[in-house]
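Here are a few exercises to work through with the sequence and the model open side by side. Try each task before you read its solution.

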Amino acid sequence: MSAAGGLVVFAIGNDARGDDALGPQLAVRIEQASPPGLKLFAEYQLQIEHALDLRGAAAVLFIDAAVGLEQAFEFHRTVPDPAAPLLSHALSPGALLAVFERIEGRAPPPAFVLALRGKSFELGESLSAPAASALEAGWTWLCSRLSVSGLLAAATGAPPEHQQRNRAGHDAPEGRPHAEQ
């Protein structure tokens with residue numbers, strides 16, 4: 001699938017480290033759904049080279065496990081972080097967007113993070129019960145928003161039933177969505 005004018009998704013994590021598998025497990029579901037115009041990367045971590053994968057994209061979604069979330073998941077917009085360390089491996093989404101800005105000389109596409117609540121990241125463990133619940137909640141929420149227009153509507157707080165109108169060009173209500181348990 002081509003990213004040109006479409007959505008690029010980075011599902012980040014390690015299947016061998018318990019709840020860190022949330023990103024890759026969601027990637028499997030996204031791949032099975034095969035949304036049109038989507039380019040999917042299931043990666044252990046973000047690397048500088050991934051900035052090139054943003055060329056031509058209309059929007060970017062980073063999916064990763066996170067600790068300290070009170071809810072099953074959180075969705076928010078992210079921006080370039082030029083102060084983030086630029087190591088050859090293990091970049092944050094903001095650092096990757098800053099790399100794109102540096103090499104392309106222009107702003108990156110709109111970018112979002114879907115953080116899924118994880119609790120246990122031990123080597124050799126399977127998903128914890130809270131992470132399995134977060135995976136289901138995150139997938140249910142993401143299914144109706146897995147497109148450029150769907151993510152842009154979600155970022156403005158438009159409920160799923162208004163997303164069809166947003167695709168037709170109408171404005172969405174303001175607000176920042178958060179998941180409910």
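## Exercise 1: the nonpolar cores

Take Leu142: which residues does it touch, not counting those up to four places away in sequence? Then work out which core it belongs to.

Step 1. Leu142 touches Leu26, Ile30, Leu61, Ile63, Leu114 and Leu151, where contact means heavy atoms within 4.5 Å. A word on the source: this is a predicted model, so local features need pLDDT of at least 70 and side-chain atom pairs count only at pLDDT 80 or more, while totals for chains, interfaces and linings use all residues. Residues are numbered from 1 along each chain as its sequence is written, and side-chain values use heavy atoms, with hydrogens and water left out.

Step 2. Leu142 sits in the largest nonpolar core, which has 26 residues. A nonpolar core here is a set of buried Ala, Val, Leu, Ile, Met, Phe, Trp, Tyr and Cys residues joined through side-chain atoms within 4.5 Å. Buried means under 20% relative accessible area, exposed over 50%, and partly exposed in between (1.4 Å probe, protein chains only). Leu7, Leu26, Ile30, Leu61, Ile63, Leu114 and Leu142 touch the most other members.

Step 3. At least two residues of this core come from each of β1 (7–12), α1 (22–33), β4 (59–66), β5 (73–78), β7 (111–117), α3 (129–143) and α4 (148–156). Helices (H or I, at least four residues) and strands (E, at least two) are DSSP runs, numbered from the N terminus. The biggest giver is α3, with 6 residues.

## Exercise 2: helix α2 and what follows

How many residues does α2 have, and what is its reach from first C-alpha to last?

Step 1. α2 (residues 93–104) has 12 residues and reaches 16 Å, close to the expected 16 Å. The expected span is 1.5 Å times one less than the number of residues.

Step 2. Look for cover: among the buried residues of α2 are Pro93, Leu96, Leu97 and Phe100.

Step 3. Gly105 follows α2 and has a positive phi, near 70°. Ala107 is in the loop between α2 and β7. Setting aside neighbours within four places in sequence, Ala107 contacts Phe100 and Glu101. Its C-alpha is 8.3 Å from that of Leu97, 10 residues apart along the chain.
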